Amino acid sequence: MEYVDRYQQVQMPKYDCLLFDLDDTLYPLSSGLAIACRKNIEDYMVQKLGIEESKIPEMCNLLYKNYGTTMAGLRAIGFDFNYDEYHSFVHGRLPYEKLKPDPVLRSLLLSLPLRKIIFTNADRVHAAKVLSRLELEDCFEGIICFETLNPTHKNTISGDNDDFEVEGSKITNPTTQPFDIIGHFSQPIAGLELPKTPIICKPSEDAIERALQIANINPQRTMFFEDSVRNIQSGKLVGLHTVLVGTSHRTKGADDVLESIHNIREALPELWETNEKSEKVGYSCNVAIETFVTA
Ligand SMILES: [Mg+2]
């Protein structure tokens, strides 16, 4: 028996799956997409939700910090809106032309005999556009995106107004005043908790665990590539081997750091040191995640 265990240990590579964030991980922050995205979010808050312009920067920071994404925060504090419309406003007008095909990354990814999956908080249309611009569409087994973790949205205001439905793509402000998140942090009231969001997204550990479950991923055998320190820290807590991308500074929670995803081969040569058997391990399961067929 002992012999069998040892034999399997030798045969089994340490990792069988690579989980990649998309934005600012598979392409550099310097592309300018992140800045444009932030601007679109701010415009959406002013133009579509009627939020006072002077409050936007502080509100965005607080929502992003406390809820993972500004969108998740906006829903938590009482705004209701159509998710698809939000995504098309925020992502639809991004300067995608700034992303160029990346044949170097493409050949690195294709030469890796492991499962490769995208895990992004963004919507599937955005993920597909980015991968298409980078010419990496066929490098991944699937995409776990916003719609994967948030499959149903009835445009229903959560909380006390569960029966209140918004028709079509109409955007509606809450019937009651939104929760004053700026006031909450400037003058905290003892015992008053932040409202919860119905949106599931990184960096919540629950979101990561759901993603792992959906794609049938064992965190102990998976490397997680991310540019966000807080996502890395959550990834570490759920047991993933974490690789912080886009910096040379090691941070708490990051097992490895890569200044660019292009350095993957030099930094992690063990990923290529697998045997033939390992190639068959990962693809045996039928995962119910977004694929390029449906994206
Ligand atoms: Mg990112």
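Two residues are taken to be in contact if their C-beta atoms, placed from the backbone, lie within 7 Å. The structure is a predicted model, in which local features need pLDDT of at least 70 and side-chain atom pairs count only at pLDDT 80 or more, while totals for chains, interfaces and linings use all residues. Residues are numbered from 1 along each chain as its sequence is written.

Helices (H or I, at least four residues) and strands (E, at least two) are DSSP runs, numbered from the N terminus. In helix α11 (residues 229–237), the residues N231, I232, S234 and G235 are buried, that is, 20 or more other C-beta atoms lie within 10 Å of their own. They lie on the same side of α11 because they cover an arc of only 165° around the axis, the arc being that of the directions from the helix axis to the C-beta atoms. The buried residues of α11 pack against α10 (205–214), β4 (222–226) and β5 (241–245). G239, which follows α11, has a positive phi, near 100°.

Strands β4 and β5 run parallel and are joined by four bridges; F225 has V243 of β5 as its bridge partner. Both strands belong to an open sheet of six strands with parallel pairing, in the order β3-β2-β1-β4-β5-β6, where two strands pair if DSSP finds at least two bridges between them. The edge strands, each pairing on one side only, are β3 (142–144) and β6 (256–258).

Definitions and conventions:
A residue is buried if 20 or more other C-beta atoms lie within 10 Å of its own, exposed if 12 or fewer, and partly exposed in between; C-beta atoms are placed from the backbone.
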